[in-house]
Amino acid sequence: MKDYTKETVSDLLFEKIDAIIIVDANKDNYHTIKKTGLFENFLQEEGNYKSLVEKLWFHFSNKSDKIADDYHVFIPMIGQFKGKYVDRIKISIDDKIHLIQIAIYPLDEIQSKYMFLMDELDNSESLREFLTDKKIDTIQSSFLFSMYVDLVKDVAYSINVTEISSNPQSYDLKYTAWRMMIVNMIWPDDQKLFLERTDPEYLKNNLTPGQTTSFDCQMKNLEGVFIYVKLIFSRANTSNNDDFRFVFMVQDIHENSIKLFDTLRKYEELASKDPLTSIFNHGRIETEIRNAIDRFNTKGHIASFMMLDIDYFKKVNDEFGHSVGDQVLKQFVKEVHDFLEPYDIKMGRWGGEEFVCVCYNMDINQIHKIADELRVKIAGVEFEKCGKLTCSVGLTDITAGDTAEIVFDRVDKSMYEAKTNGRNCVVIKKAGQN
């Protein structure tokens, strides 16, 4: 044992370690002292330090895919180390993933100079790391990011991006700086909420020790794709009310959110559709009427309204029964829907054999031509079991001061006038007409 001296140990370490580099973070460069094995092509003799940090940490830990460019804003911070740091990382060379142990020693922390010692681990270590990662994945699979925050010192530390490494990164970052950098990764419509709920004063004023708050939003993942996440802040439970330390986590809720939204859309559709004809029901088409009027009043977007009534439909039910009547209603709706499909027109069943259409971006002359062509088309259709049918059509448009009630009353009167004028015709009634 006494044969080992400082010199022999130094030589032994130099012989055993796969790669040694010296880094000057301030000058953004590194110099390679030694490289063997897989590091021979991975490291240059002299290189750009930011590029090295990107190759070491800015890819997914289990594949070679690079992290989205938006997140590269954090490269200069990840490349700054305080004290000694040891990590196990995975790097991709020729599409093969290698497990690397890296030890970083500060040579001059003030000037940000470091020594990197790197070794490739053997297969048994890789297997152990894989099994460990599987356990971690089982526990933390939904958590993408975590860090500790001290609002008094305005610092975020022990930052852990689980898709990069299972170990926290050894760098500190001003929380206020992190907040303004990460906001660019938030969906534009959610950025206001993000800034409000992550504001230091908001957190201080709204979370008591031990309390947790969260909110959902869309955020870019490391691949640059927006996903639904839950942002969680939990205040440390200490007896000092002036100790504002928090744990912050980002949880992946995308898959569950998509399933929930799909379910909600299905229920919304069921609540909005007429069960017989599958077009909008009375309540939903009434909403469309109000929306069209609101768009006219706020943005000046024109719209017209059309009301259709099947002529002598009572005779169909009386002569052939309600089952045939239902089939006629469904066939009538299909004919009208197919004819109107090229236009921005929403159709709904108002009740019985009456139907209302909201015709967006169309003035009364445009919709009059379409309505008359539709009337002629319906008159030429052979309806199953009951033969030919016709329809009466009433039209109106929006005028300043209109409400949904006023507009509907006007289009209803125009349709009634079409019925009293002999049916199978189109009648227009504008504001001010009796």
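I started with salt bridges, so the rule goes down before anything else: a side-chain nitrogen of Lys or Arg within 4 Å of a carboxyl oxygen of Asp or Glu. I am working from a predicted model, where local features need pLDDT of at least 70, side-chain atom pairs count only at pLDDT 80 or more, and totals for chains, interfaces and linings use all residues. Residues are numbered from 1 along each chain as its sequence is written, and side-chain values use heavy atoms, with hydrogens and water left out.

**Entry 1: salt bridges**

I got a count of 24 salt bridges by that rule. I looked up K377 and found it bridged to E335, with the closest N and O atoms 3.4 Å apart. This pair links distant parts of the chain, since K377 sits in helix α13 (residues 364-379) and E335 in helix α12 (residues 322-340), 42 residues apart.

My cut-offs are under 20% relative accessible area for buried, over 50% for exposed, and partly exposed in between (1.4 Å probe, protein chains only).

Next I checked K419 and D309, whose side chains meet in a salt bridge at 2.4 Å, N to O. That pair also links distant parts of the chain: K419 is in helix α14 (residues 404-420) and D309 in strand β12 (residues 303-310), 110 residues apart. K419 counts as buried because it has 15% relative accessibility, and D309 counts as buried because it has 4%.

R375 is buried because its relative accessibility is 15%, while D372, at 31%, is partly exposed. I also wrote down that salt bridges with shared partners join E286, R290 and E405 into one network.

**Entry 2: the open sheet**

In what order do the 6 strands of the open sheet run? I read β3-β2-β1-β6-β5-β4, with antiparallel pairing; strands pair if DSSP finds at least two bridges between them. The edge strands are β3 (46-48) and β4 (85-93), each pairing on one side only. Neighbouring strands are turned by 30 degrees against each other on average, direction ignored.

I followed β4 to β5 (residues 96-108) and found antiparallel pairing over 9 bridges. Across that pair, K90 stands opposite L99 in β5. Helix α1 (residues 6-16) packs on the sheet, where it touches β1 (19-24), β2 (29-35) and β6 (113-120); contact means heavy atoms within 4.5 Å.

**Entry 3: another run of strands**

I then moved to β9 (residues 212-220) and β10 (residues 226-235), which run antiparallel and are joined by 9 bridges. S214 has I232 in β10 as its bridge partner. Their hairpin has 5 residues between the strands, and G224 there takes a positive phi near 85 degrees. β10 also pairs in the antiparallel sense with β11 (residues 245-252), over 7 bridges. On that side, I232 has M249 in β11 as its bridge partner.

How values were computed
Helices (H or I, at least four residues) and strands (E, at least two) are DSSP runs, numbered from the N terminus. Axes are lines fitted to C-alpha atoms, for helices over the stretch in contact, and angles run from 0 to 180 degrees between N-to-C directions.
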